[in-house]
Amino acid sequence: MATASPGAELRTRPAPDRAARLALLLLQAGAVATVLVAAPFTLFDLERHAVPKELALHLAAAGGAALCLSRVRRLSLSLADALVAAFVALSFLSALFATNHWLAVRSLGITASGALVFWTARALRSAGLARQLLLTLAAGVVLAAVTALLQAYGVESTLFAERRAPGGAFGNRNFMAHFVALGIPVLLLATLESRRRREAWLPAAGGVILGAALVLSRSRAAWLGTLAAVAILAVEGLWFGFLWRDVISRRRILLFALALAVGGLLAMVLPNTLEWRSDSPYLDSLKDVANYKEGSGRGRLVQYQNSLRMAAGHPVLGVGPGNWPVAYPAYTTPEDPGFDPNDFIPTNPWPSSDWIASLAERGALATMALAGVAGALAIGAWRRWRMAPETTEGTESLTLILILATGGVVGSFDAVLLLPAPTFFVWAALGLLARAPKRPIWEIDVEKKRAVQLAAVVTAAGLVFAARNASQLWSMAAYGESGRLSAMERAARIDPGSYRISMLLGYAWRNRGRCDLARPHAERARALFPNHPAPRQLLAACRRR
């Protein structure tokens, strides 16, 4: 379709060196691992899916960035780069003042590793390795959808979560669907930019899988995000743009659209093992897309209002990365569907919006920096698309806009950049698809010694974040399924930041009449989540004995 192949603009550049190729391999491994890895420790619910993926994110991000930094001799900073750095720096400052530093470090790690993935992807693009990583990202999205379909059609695995099927390797159908929605523009790009006609059938076949998974998920946020991307594609790509006038592009867009539609239709007519309560679950979900008076729609509005009051109470730095569930009980209101005072974990781990989370946890300045990144990338991409829609650069720029639109919509209704897999995917895709400006706002030469030092700092930070996740996994394994108090105590020592383990141990010792042993665990839980009622109730029960 395009007048130049993805690698044509890079022909004058030297072949990628060994460090760049190793960085590519690390990011490719990370793209697949953040989709597939999970742990079988069913007691730990979403954590057993999130923590291994976070570990993969940190290792791939730190390793890839260190390799690229070790070979850099000149750093160029664009407006988007500066805003990403500002967002990370403000998040770090916010983490210093957080109540729960265990959660703050974990959340900050996802943010920092996402930024490293973004900059590493940009370096790989400069080295001429963008196509390889883009195709791996596309493959990762298809793999995510495949795991969901396997679960939907009866495959059982300890790595799947039954309660939120079909989440596949994500453990949650909404998280899987958000990831699939973000990946649709990349699959479309792969279809458009296939060098031969028969090569276009492979990403189109992936479109069938994505369409089926998206429908089966019943995720209204993912549906709305996909609809936003389709609307922009229709207006910018087909109406004002070049794509509909070009015969090859038109055929491939129709092929991909047909693939998505066929996948969605097959998902609705083929019998599956999902146990929906309604006789027409997909139609019911479609009808409830804009329902804000009841159900999850009403719950989100209540949660948003309470979270905005939290943000108003901490306007500069927020309550700290990852600390929304720590502070939320102090801002809940009567009949809040998102707060259950009878559960010792009364809220979700994340708020139902990236934007609300950023305001409440990191403050207005960090949120403006994040919005500025999206704005700077979107404006630059739109200009490139309008200037040269018939080129590969134009098509990639349109794809970037579609990803930003999908992420902006989905992130308004649920957690996206708070999670490792979409964080890796979004930042990698943006780094690969964005073009460096002709006039950077800042440039500096870097000596070899200083480059090595920077690489060492990045590696050390990545290892710190990875060590946190490794300790969590070790603790889950130590806890096991036996219920032995000795195993539970060992797990608590390995991961003193686990509120869940502290509370379970407190309850276990209280039930055995050993309040002297229950009290330290309840106090630790109260220190981690001072606004949660359960630790206070446990301590009060022990005082009465």
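This is a guided tour of one protein chain, stop by stop, for you to follow in your viewer.

**Before you start**

The model is a predicted one, in which local features need pLDDT of at least 70 and side-chain atom pairs count only at pLDDT 80 or more, while totals for chains, interfaces and linings use all residues. Residues are numbered from 1 along each chain as its sequence is written, and side-chain values use heavy atoms, with hydrogens and water left out.

**Stop 1: the whole chain**

You are looking at 20 helices and 2 strands; helices (H or I, at least four residues) and strands (E, at least two) are DSSP runs, numbered from the N terminus. The radius of gyration is 24 Å, close to the 24 Å that the globule rule gives for 545 residues, so the chain is as compact as a globular protein of that length. That radius is taken over C-alpha atoms, and the rule is 2.2 Å times the number of residues to the power 0.38. Along the principal axes, the C-alpha atoms fill a box of roughly 80 × 65 × 40 Å.

Of the 545 residues, 55% count as buried. Buried means under 20% relative accessible area, exposed over 50%, and partly exposed in between (1.4 Å probe, protein chains only).

**Stop 2: colour by confidence**

Now colour by pLDDT, the predictor's confidence in each residue, from 0 to 100. The chain averages 90, and 93% of the residues score at least 70. Select residues 1–12: here the pLDDT is below 50, and beyond near neighbours in sequence the stretch has 30 contacts in the model. A contact means heavy atoms within 4.5 Å. Where pLDDT is low, the predicted coordinates should not be read in detail.

**Stop 3: the cores**

Select Leu-137 and Phe-424. These two have the most contacts inside the largest nonpolar core, which has 113 residues. Such a core is a set of buried Ala, Val, Leu, Ile, Met, Phe, Trp, Tyr and Cys residues joined through side-chain atoms within 4.5 Å. Helix 6 (residues 173–192) gives the most to this core, with 13 residues.

Which residues does Leu-137 touch, not counting residues up to four places away in sequence? Show Ala-31, Phe-424, Phe-425, Ala-428, Ala-429 and Leu-432 to see them. Then pick out Ala-39, Val-51, Ala-508 and Cys-515, which are included in a second, separate core of 34 residues.

**Stop 4: helix 3 and its cover**

Select residues 79–96, which form helix 3. At 1.5 Å a residue, its 18 residues should span 26 Å, and its end C-alpha atoms are 26 Å apart, which agrees. The expected span is 1.5 Å times one less than the number of residues. Among the buried residues of helix 3 are Ala-80, Asp-81, Phe-87 and Leu-90. What covers the buried residues? The cover includes strand 1 (74–77), helix 4 (101–126), helix 13 (354–387) and helix 15 (420–433).

**Stop 5: Ala-381 in helix 13**

Stay with helix 13 and select Ala-381, which lies in it. Is Ala-381 buried or exposed? At 0% relative accessibility, Ala-381 counts as buried. Leaving out residues up to four places away in sequence, Ala-381 touches Ser-397, Leu-400 and Ile-401.

**Stop 6**

Select residues 201–217. Helix 7 reaches 25 Å from its first C-alpha to its last, close to the 24 Å expected for its 17 residues. This helix is mostly covered, with 12 of its 17 residues buried; they include Pro-203, Gly-206, Leu-210 and Ser-217.

Step on to Arg-218, in the loop between helix 7 and helix 8 (220–239). Its phi is near 55°, a positive value in a residue other than glycine. At 17% relative accessibility, Arg-218 counts as buried.

**Stop 7**

Go to Asp-45, in the loop between helix 1 (18–36) and helix 2 (47–71). Asp-45 also has a positive phi, near 50°. At 22% relative accessibility, Asp-45 counts as partly exposed.

Finally, select Ala-165 and Pro-166. The peptide bond from Ala-165 to Pro-166 is cis, with omega near 0°. Pro-166 is found in the loop between helix 5 (130–152) and helix 6.
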